[in-house]
Amino acid sequence: MEISIDQWLNEMARVMRRSDDGMTVQELCIAMGRGGNWIRGQLLAGMKSGRVGRGARNIVRLDGRACSVPVYYVVKSKK
């Protein structure tokens with residue numbers, strides 16, 4: 001089922017209320033019940049339209065090392 005970018009951004013904004021610093025692709029997949037390729041495609045379309053931003057979060061990997069992972073967020077409108 002295909003949805004519009006507006007519908008997807010509304011859903012993304014709804015699930016992102018759980019996280020103040022954005023969500024990773026993996027977190028978005030789990031929250032939205034969609035696959036990674038689909039999520040990445042939607043993120044790309046959102047970034048091209050200027051409605052999705054990208055940041056980074058530091059996490060600790062399973063091996064104990066710290067690393068930076070990309071996180072995505074809905075850009076607040078300037079109204």
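The following legends describe an overall view and close-up views of a predicted model.

**Figure 1. Overall fold of the predicted protein model.** The protein contains three helices and two strands, arranged along the sequence in the pattern α-α-α-β-β. The C-alpha trace spans about 40 × 30 × 20 Å along its principal axes. Of the 79 residues, 30% are buried. Among contacts with a separation of 6 or more, 45% join residues 24 or more positions apart.

**Figure 2. Crossing of helix 1 and helix 2.** The axes of helix 1 (residues 5-15) and helix 2 (residues 25-32) come within 11 Å and cross at roughly 100°. Because angles of 65 to 115 degrees count as roughly perpendicular, helix 1 is described as roughly perpendicular to helix 2. Helix 1 contributes Trp 8, Glu 11, Met 12 and Val 15 to the contact, and helix 2 contributes Leu 28, Ala 31 and Met 32. By class, six of these residues are nonpolar, none is polar and one is charged.

**Figure 3. The buried face of helix 1.** Trp 8, Leu 9, Met 12 and Val 15 are the buried residues of helix 1. Viewed down the helix axis, these residues fall within an arc of 125° and therefore line one face of the helix. In general, an α-helix has 3.6 residues a turn, so residues three or four places apart point the same way. The buried residues of helix 1 pack against helix 2, helix 3 (36-48), strand 1 (52-60) and strand 2.

**Figure 4. Confidence of the prediction in helix 1 and strand 2.** The mean pLDDT is lowest in helix 1, at 82, and highest in strand 2 (residues 66-74), at 95. The protein averages a pLDDT of 88, and 96% of the residues score at least 70.

Technical notes: Residues are numbered from 1 along each chain as its sequence is written. This is a predicted model: local features need pLDDT of at least 70, side-chain atom pairs count only at pLDDT 80 or more; totals for chains, interfaces and linings use all residues. Side-chain values use heavy atoms; hydrogens and water are left out. Axes are lines fitted to C-alpha atoms, for helices over the stretch in contact, and angles run from 0 to 180 degrees between N-to-C directions. Helices (H or I, at least four residues) and strands (E, at least two) are DSSP runs, numbered from the N terminus. Angles under 35 degrees count as roughly parallel, over 145 as roughly antiparallel, 65 to 115 as roughly perpendicular and the rest as oblique. Contact means heavy atoms within 4.5 Å. Ala, Val, Leu, Ile, Met, Phe, Trp, Tyr, Cys and Pro count as nonpolar, Asp, Glu, Lys and Arg as charged, and the others, Gly among them, as polar. pLDDT is the predictor's confidence in each residue, from 0 to 100. Buried means under 20% relative accessible area, exposed over 50%, partly exposed in between (1.4 Å probe, protein chains only). The arc is that of the directions from the helix axis to the C-beta atoms.
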